[in-house]
Amino acid sequence: MTQAVTNPRLKITLLGTPIVQLNGEIVTGFVSNKATALLYYLAATGQTHSREMLSSLLWGEYPDAKARKNLRDILFNLRRLMGSFLDISRQTVGLVPDGSIEVDVQRFEATAKTLEDVVHPHLSPAAMVVLREGVDLYQGDFLEGFYISQAPDFDAWLTNERSRLQQMEIQALHLLVEYLTHQGNTTLGINYATQLLNMEPWREETHRHLMQLLVWSGQRSAALAQYETCRRTLAENLGVDPEPETRHLYEYIMQGSAILAPSLIVQDTVPSFKPTPHNLPAQLTRFVGREADLAEIVDRLHDPDYRLVVVVGPGGVGKTRLVLQAARLLLSQVETGTAFRDGIYFVRLASIEQHEVNRNLTLPGNYNPVAAAIADALHLTVADPEAPASRIENYLREKEILLVMDNFEHLAGAGGYLTMLLAGAPRLKLLVTSRSRLNVRGEHVYVLDGLPFPTKTADTLSWQGYGAVRLFLQTAQAMSAKFQLLPEEDTAVVRICQLVNGLPLGIELAASWVRVLSCSEIVGELEQNLMFLQTSASDVSEQHRSLWAVFTYSWNMLTAEQQRALRQLSVFRGGFVREAAAVVADAPLTTLAKLIDHSFVRRVDNGQRKPRFELLEVLRLYAVEQLQQHPTEDTAVYNRHCDYFMTYLQQQQPRLQGAEQRQALNDIGLEIENIRAAWRWSVWQQDLPALDKGLKGLFDYYDMRSRFREGRDAFERAAVVVQAVQPQSRESRLIGGRLLARQGWFTFHIGRYPEARQLLQQSMAMIRPLDAPADLVFCLNYQGAVCFHLGEYAQAQALCQEALALSQAIAYQPGAGIALNILSQIAYQAGDFAMAQMYGNESLAIVTHLGNPWSRAFSLSNLAQVAFARQAYEEVRRLSQTILEIREEMGDVRGMAMCLEQLAHTAVAQQKPDDALTLYRRSLALYRDIGNPRGIISTLASIGRLTLQEEAYDLARVNFTDALRRAVELQSVPDLPLMVSGLAVALRESGDGATAVALEKLLATEPLPLPELAALLEMLPN
């Protein structure tokens, strides 16, 4: 007699050949394949389903009565086989939700979801163990070999699930192989790479990983054979040859070159294989009901003829969710090496004010907020170069990138900028969401309507197959664990979907009401609100009217206090933290939680230390409308928002000058959209105290992030407003002087030297009589820096000596550190290397004591220059490596470019021309990214001298000509005669003696006549 099992357990294996085991024994006796199909469906979905839905799934083509009878027969059979594991009622069927049932698919999906946003090489060893567990669960395709006839709905579900789970396994294997390759784990790496290639033999990146792993395990011949396998597979399946990276790796192995594990790779030694970059936000809900739209968008983005795809539809239709899902799908394809290998980036545009784009964004003098938003998304300091040709396009030009640009509808004036981006970057594609078409060349519009819903209320035979219905049920179940749809309410759900025209946002909000209303009651409330809107807003589109009806009812469900908080939360741009919500909108965490429950506020999972919250843009606009109906409250909350973020900048300013510099920059970056909005409000309101609070922190942020044009634009607008305030008090003159000085520094960095000098002189004249020594030190130092860069060394020295003396008198260490740094550069330029060394050491001691890494890098750079002059090249390299690490950690692109330029000079001195040319070109690319004209000219001239030395006269001519054209345009560069001399030599050696003679005649004229030089340069070929 068999002993009874105390705790019976059911194990259902669905990955591979399906098996059902009860207490370790295989279960048999199923009355038909549809009986097992039903069990597999319940196990895979892990949900309770209505009988009507299940009968339609398995017998959709049968009469209703026959389908229901068949279901009853199967349930009788299943109850007999495993009754205690089934939860069967008169309306629903499901498996008992407890720990006694083990389903491999659910474990597999749970494992994969914990790692959705993990990107190599950030996978931890613990995460790798979890990932291996999930990968090992996949013993074959979902329900491998299983099939039932005359059940098209089930067959469609099975096909989709099989494909979805297969893709999850592929992505998990890819992540695991990358991690193991990075770690040099050959045994496991070869095993999992082989598994991945068995599933997708055309994955070229995996072939490369396997080749590396085989080499490291001592199997060089096998690695070479793997290349042949790869080449043959690509030719047979795709009709293409291996990529250059694969061929180069093969050549390295053929030559017997050392192939190191990635963690040991020396830069530029072997090909590097980077993870695909992206900034796509995590999605916390399942994507529902847009399968056809999704496939169409992805297909268009794969088509080379579709470079600007614009998804158009009303607010709340789900444009953003669709494009993010498309981007996620494309990202998985990126990781196979098939598309957008340089990254996919989500660009938020909602916070840009319309007035900011009411001008030509392609002109060099105009600040471009769209470019700034792209720069934020790319985490690059490329927002403010001096001309369109040197802006974002320089970064994107050779990149295969997809930019997903969200909420473009209010930026019609920026459409031309998008076409310019595309013209300058042949492999760039743009996926844009907008409520209206852009009306620009090359635009491919995809019109998005609401989710499909039954057009007849009574048509509920397969009603759960409609995307709108599925979204309602999913949201309702997420809102209330107790939610169960009663059979008599089927038609009410359909009616809700009809009333909101299938708009996803309307459906989600309506479904959130199931906590307090039945589905029939929801229908009644919606119809009542729609009747009101139809009489009061007849000029509004039907879709907008239906969505506003949902908003209005949801709004009315809030308490007066919650309504007030929501109105005031609408002033935030780019999200907010709970502390800001409490101060600005008097919305504590308990209120936020209630607003989240009502689906007005969402928590954003962005991987930051503090959780952030946001209002979906269309909901924010609705809340703004509510706020505008309370003018006094409107002004007060904008004032609080402004004060909060200007105070926030003021609080960050000490951190920006100390050891927490990098984190402070990152923290400000998270709030930059709120800060921009607060700065604009300060300007509009002529709020001088607010501007004064924020100006120092904002200046440091823009300066350290090389956002010179955005900084110039922001400080210029503020300075104009302050100067217009009458009568002028000491406070207004001081604030005006501070703004002008910072505007002058940014103006210098974008190449407007005479204007910069005038602004700095004006600011110093305003501040000198006001007994504000620290502010005067700022003016003296930065005007001294400008004079130094313009070659006016005596004037620069006098200004910085005065700044140093004044700083020492008031014990103002930051000012002394900057003055000493500039004085060190002046002494170096004069050939007084001992004095340059002394100043450099003194500045280093001060900034090290302050804990300011950004300034410390400048001090070290000065000492590296002195070491270079002493021909201590190894010391230069050691110092430069330290400097470069600081610059990279800080994200200081200009500083990185300067460091690479110094390393290139060192390589020239050490007679390593190839290394020098590589370093110069890397430096030039960074200068171009941030649009630093001085750096671009300096580096082009250096390349010209190097190629002249190497007798590459045509290259020398091209680089000198480019440098000189830029220098003449700026009208003030100290090295102009040296560049003209170099160009003359290059021209003579390449056969153009006449132009060389003409240039030499100009050199004999003092001062050098710029108009004549410009005319000669125009005659030369590019």
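Author: Helices here are DSSP runs of at least four residues, numbered from the N terminus. In this predicted model, leucine 770 sits in the loop between helix H31 (753-767) and helix H32 (773-789).

Reader: Why is leucine 770 called buried?

Author: Buried means under 20% relative accessible area. Leucine 770 comes in at 6%, so it counts as buried.

Reader: Okay, and why does glutamate 951 count as exposed?

Author: The cut-off for exposed is over 50%. Glutamate 951 has 57% relative accessibility, so exposed it is. You'll find glutamate 951 in the loop between helix H40 (933-949) and helix H41 (953-970).

Reader: What makes the patch with Glu951 negative?

Author: Asp and Glu count as negative, and the patch is formed by Asp914, Asp915, Glu950, Glu951 and Glu989.

Reader: How do you know that cysteine 800 is buried?

Author: Its relative accessible area is 0%, so cysteine 800 falls under the 20% cut-off. Cysteine 800 belongs to helix H33 (residues 793-809) and touches, among others, Asn781, Gly784 and Ala819.

Reader: What makes helix H2 mostly covered?

Author: Seven of the nine residues in H2 (residues 51-59) are buried, including Met53, Leu54 and Trp59.

Technical notes. Residues are numbered from 1 along each chain as its sequence is written. This is a predicted model: local features need pLDDT of at least 70, side-chain atom pairs count only at pLDDT 80 or more; totals for chains, interfaces and linings use all residues. Side-chain values use heavy atoms; hydrogens and water are left out. Helices (H or I, at least four residues) and strands (E, at least two) are DSSP runs, numbered from the N terminus. Buried means under 20% relative accessible area, exposed over 50%, partly exposed in between (1.4 Å probe, protein chains only). Patches are made of residues with over 30% relative accessible area and no salt bridge: like charges are joined within 9 Å, nonpolar side chains (Val, Leu, Ile, Met, Phe, Trp, Tyr) within 5 Å. Accessible areas come from the Shrake-Rupley method with a 1.4 Å probe; for residues, only the protein chains shown count as cover. A salt bridge is a side-chain nitrogen of Lys or Arg within 4 Å of a carboxyl oxygen of Asp or Glu. The place of a charge is taken as NZ of Lys, CZ of Arg, CG of Asp or CD of Glu. Contact means heavy atoms within 4.5 Å. Lists of a residue's contacts leave out its neighbours within four places in sequence.
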